[in-house]
Amino acid sequence: MGDKDTYRDDHRDDYRRGGYRDHRNSGGGYRQDYNGYRGGSGRGRGYRSGSGGGGYDRRQQQQGSRHFQSSYVGQKRGRDEPEALDPKRQVIKRLMKIGEPGQFSETDKTTAGDTPEKTVENALWALKQEIKHKTENLNEIVLEAVISCSHKAAHYAVLLGLLHSENPDWVAALLSDAGKRFESELAAGDVRGPRLLLRLFSCLTGTSVLHSADVLGLMERVLEVAQAQATAGVDPSGLTWQLWSDQLVYAVLGGLVWGGAHLAGPVAADQHSRVLDRAAEYMAARPIQV
């Protein structure tokens with residue numbers, strides 16, 4: 001035990017005279033180098049302070065990271081800033097709001113203070129942008145708006161009439177899709193969609209997008225289907241078909257009203273008369289009378 005204690009004391013004296021702590025004052029030692037690495041003036045140069053020539057500055061890294069984010073990612077949106085509207089959703093909103101005077105809104109500046117005329121201009125501008133960017137399902141969006149807001153058929157006719165002068169190919173493609181939808185839904189027994197599309201077709205005669213003769217020809221074919229059901233004799237009671245056929249005639253007569261003078265004018269007077277005659281023939285043939 002004595003030898004071990006003597007060795008420990010001698011080693012401690014040597015350690016204090018020339019070891020770890022003395023090296024701190026003489027420029028050597030672990031802590032001097034470590035402190036120099038963290039920011040001292042020794043050979044380690046500055047890791048945090050960057051006082052030397054070869055150090056790595058964390059603050060420069062952070063500033064560089066912020067610069068990268070600002071340059072390539074952009075400014076972050078503040079908590080109080082409104083979220084940017086999706087262009088497709090904005091088109092839908094403008095189509096649904098067409099013809100309605102807007103009210104001031106902090107979150108939706110697009111309809112603030114708009115007049116009914118301005119809403120048509122807003123919808124026209126939005127559609128032009130989406131046509132230019134070839135937005136997917138744009139035709140379906142427009143047709144859904146036409147059916148959902150069928151009381152605004154005249155406004156949509158004006159909108160399509162304005163677009164027809166600048167983008168006739170797109171309007172033609174839209175009407176082609178509308179015709180396919182008309183035929184497919186009618187074949188499936190759904191009358192509501194075709195009835196509202198027929199209303200739009202009638203209004204489009206007033207904006208020179210469709211010819212009166214074409215729309216009246218379509219109405220006449222619809223009445224032929226209804227009349228064929230009434231005269232086929234399959235079910236003389238009419239219980240299995242009259243409700244559906246009545247809806248077809250109702251769709252035609254309603255379309256005539258929405259087309260107005262553009263359908264009743266001299267351009268297609270003969271076709272207009274035939275449509276009315278076929279409607280009268282169906283009404284006389286329908287078995288269930290109230």
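Helices, here DSSP runs of H or I of at least four residues, are numbered from the N terminus, as are strands, which are DSSP runs of E of at least two residues. The model is predicted, and local features therefore need pLDDT of at least 70, side-chain atom pairs count only at pLDDT 80 or more, and totals for chains, interfaces and linings use all residues. Residues are numbered from 1 along each chain as its sequence is written, and side-chain values use heavy atoms, with hydrogens and water left out.

Among the residues of H12 that are buried are Leu248, Val249, Val252 and Leu256, where buried means under 20% relative accessible area, exposed over 50%, and partly exposed in between, with a 1.4 Å probe and protein chains only. The cover over the buried residues of H12 includes helix H9 (168-187), helix H10 (192-204), helix H11 (212-231), helix H13 (261-264) and helix H14 (269-285), contact being defined by heavy atoms within 4.5 Å. After H12 comes glycine 260, with a positive phi near 60°.

Helix H10 has 13 residues and reaches 19 Å from its first C-alpha to its last, close to the 18 Å expected at 1.5 Å a residue. Because 12 of these 13 residues are buried, H10 is largely enclosed by the rest of the structure. The buried residues include Arg195 and Arg199 as well as Leu196, Leu197 and Phe201, and the elements that cover them include H7, H8, H9, H11, H12 and H13.

How do two packed helices come to be described? They are described by the angle between their axes and the distance between the axes. For helix H7 (residues 138-148) and H10, the axes come within 9 Å and cross at roughly 95°, the axes being lines fitted to C-alpha atoms, for helices over the stretch in contact, with angles that run from 0 to 180 degrees between N-to-C directions. That makes H7 roughly perpendicular to H10, since angles of 65 to 115 degrees count as roughly perpendicular, those under 35 as roughly parallel, those over 145 as roughly antiparallel and the rest as oblique. On the H7 side the contact is made by Leu143, Val146 and Ile147, and on the H10 side by Arg192, Gly193, Leu196, Leu197 and Leu200.

In the loop between H10 and H11 is threonine 205, which is buried with a relative accessible area of 8%. A polar atom of its side chain lies 2.5 Å from the backbone oxygen of serine 202. Not counting residues up to four places away in sequence, threonine 205 touches Leu210, His211, Ser212, Val215, His262 and Leu263.

Glycine 161 lies in helix H8 (residues 153-166) and is buried, with a relative accessible area of 17%. Its C-alpha atom is separated by 5.2 Å from that of threonine 207, 46 residues apart along the chain.

The loop between helix H6 (116-132) and H7 holds lysine 134, which has a positive phi of about 55° although it is not a glycine, and which counts as exposed at 72% relative accessibility. Asparagine 137 lies in the loop between H6 and H7, with a positive phi of about 60° although it is not a glycine, and is partly exposed at 48% relative accessible area.

Note on methods. Polar contact = N/O pair within 3.5 Å; in protein donor to acceptor, adjacent residues only side chain to side chain. Expected span 1.5 Å × (residues − 1).
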